[in-house]
Amino acid sequence: MGVGVLLKRVVPVLSAAAAVAGLVLVLAGVPGRSHDARADASSVTHVGRARAASRRGIHKIRHVVIIMQENRSFDSYFGTYPGAAGIPGLAGHPGTVPCIPDPALGHCAQPFHDTAKSNLGGPHTHMDAMADINGGKMDGFIGRSQLALARYCKADSGTSPYCSRRAQKVSDVMGYHDRREIPNYWAYARHFVLQDHMFQSDSSWSLPSHLFIVSAWSALCAKSGDPMSCRAAVQAPDAPPGTPENKTGKTPSYAWTDLTWLLHRYHVSWGYYVARGHEPDCRNDAMFCAPVPQNSKTSGIVNPLPWFDDVHEDHQLGNLDPLTTFEKKAKRGRLPAVSWVAPTNAVSEHPPSLVDKGQSYVTGLINMLMHGPQWKSTAIFLAWDDWGGFYDHVQPPTVDDQGYGLRVPALVISPYAKKGYVDHQTLSFDAYLKFIEDDFLNSQRLDPKTDGRPDSRPDVRENASILGGLQSDFDFNQQPRHSLILQTAEPGPPADA
């Protein structure tokens with residue numbers, strides 16, 4: 001993803017308090033699609049009975065909140081975290097410290113502690129991912145970032161501070177932060193769960209990644225409104241008007257099925273909340289670009305649901321709201337069963353946005369949820385949508401033509417989360433959908449053979465044999481854990497971090 005100009009003002013820290021929202025599962029037909037009503041009646045009744053019988057195990061979680069930040073690799077945030085699969089040779093991790101080619105300086109460069117609050121990162125298209133991975137050598141990061149910056153500066157008028165001779169030679173993609181720069185994230189890892197093998201679902205930029213977050217697929221549909229005409233698109237699904245991938249101004253049509261179809265079908269409440277400001281990424285997936293306005297009613301890179309046909313068919317556009325509505329619903333005890341939260345540029349952590357501003361924003365969200373009565377029934381899944389060109393030493397596994405991409409930081413925060421647990425399972429964002437389906441939908445998958453709305457997806461990502469399960473991160477027999485309220489300013493590491 002490329003970044004827009006930093007905003008001058010930051011989204012204010014959200015206030016505390018949230019409350020439990022009720023959930024009723026009842027049978028209802030789905031307009032605009034034919035299906036077997038008897039099968040619907042049976043499956044919906046089964047779901048209702050399974051959840052109404054008791055609140056045991058996973059069903060103790062009645063609220064899932066997915067907070068998605070931007071553009072960081074696992075090694076760039078947790079590469080020196082104790083017990084995690086971090087950078088070899090550092091912080092007690094076994095192995096020899098990597099040293100990868102630096103074409104501009106003519107020698108290799110090693111990972112270094114980066115104290116800067118603002119970073120540059122690198123390019124993050126599919127081709128960049130392939131070059132960074134380099135057949136498993138994991139050594140293309142510096143060269144790729146220098147190449148992208150040189151191209152940007154060639155077209156620049158010469159006014160950009162990123163285009164000085166020194167800036168073009170010094171790459172920060174090998175830099176890593178630790179508890180000194182991101183104390184709250186490390187505190188969450190120590191008190192809850194850190195996942196050290198969470199891979200981006202696809203191997204490219206923000207738009208495909210956010211499509212996976214809601215639908216477990218990124219595709220390009222040859223015929224508007226025809227889900228059987230869609231084909232996998234790792235780099236260039238239907239993109240926003242005016243982008244290099246969409247120069248015609250045509251409105252994208254996402255005809256395949258997303259998770260909201262199943263949630264609506266089984267009367268499971270959901271909301272998608274978008275911070276008002278500017279888009280975190282460039283619409284041409286470059287490193288830098290002019291800012292593009294963003295709000296919950298403007299479709300875009302981190303807000304793709306308005307372009308999904310089934311959201312229109314189900315009359316669910318009203319479920320897309322500004323971030324302020326998330327706060328209001330939390331205060332009034334009306335948060336839905338499933339929430340997605342997307343940031344604005346200034347607090348996204350997408351380079352060159354400030355790391356501490358992003359951490360403060362995320363901490364405000366989590367503090368708000370922890371303060372309220374919903375805390376005892378909530379699971380917060382916090383992750384970063386792609387690697388942003390930053391170094392990571394772990395080669396991603398191959399799943400299908402689209403993924404997985406590189407490792408990203410990921411945390412599970414819940415009163416039932418295991419304390420200080422490092423999850424080594426192979427995971428992707430598909431695991432979030434799998435958890436929601438297991439909790440609220442009786443394990444019904446986004447499967448064109450069984451979900452009542454056929455599309456042409458080549459596989460069911462939630463069923464991938466390599467994919468771990470998030471239930472392993474919880475102990476549903478333990479007493480609900482107390483909240484961990486952290487400071488939203490960043491004076492230094494908290495005492496317990």
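Analyst: At 35% relative accessibility, N134 counts as partly exposed. This is a predicted model, and N134 sits in its loop between helix 3 (126-133) and helix 4 (141-155). Although N134 is not a glycine, its phi is positive, at about 50°. Most residues other than glycine have a negative phi, and most peptide bonds are trans.

A91 is another non-glycine residue with a positive phi of about 50°. A91 belongs to the loop between helix 2 (74-78) and strand 2 (100-102). With a relative accessible area of 51%, A91 is exposed.

Next come the cis peptide bonds. One runs from P351 to P352, with omega near 5°, and P352 lies in the loop between strand 14 (338-342) and helix 11 (355-371). Another cis bond joins G403 and Y404, with omega about 5°; Y404 is in the loop between strand 15 (378-384) and strand 16 (410-413).

Now to the cysteines: a search of the whole structure finds two disulfides. C99 is linked to C108, with an S to S distance of 1.9 Å. The torsion about their S-S bond is about 90°, so this disulfide is right-handed. C99 is partly exposed at 33% relative accessible area, and C108 is partly exposed at 37%.

C221 pairs with C230, S to S 2.1 Å, and this link is right-handed, with 95° about the S-S bond. Here C221 is buried, at 6% relative accessible area, and C230 is buried at 0%.

Key: Residues are numbered from 1 along each chain as its sequence is written. This is a predicted model: local features need pLDDT of at least 70, side-chain atom pairs count only at pLDDT 80 or more; totals for chains, interfaces and linings use all residues. Side-chain values use heavy atoms; hydrogens and water are left out. A disulfide is a pair of cysteine sulfur atoms within 2.5 Å. Buried means under 20% relative accessible area, exposed over 50%, partly exposed in between (1.4 Å probe, protein chains only). Helices (H or I, at least four residues) and strands (E, at least two) are DSSP runs, numbered from the N terminus.
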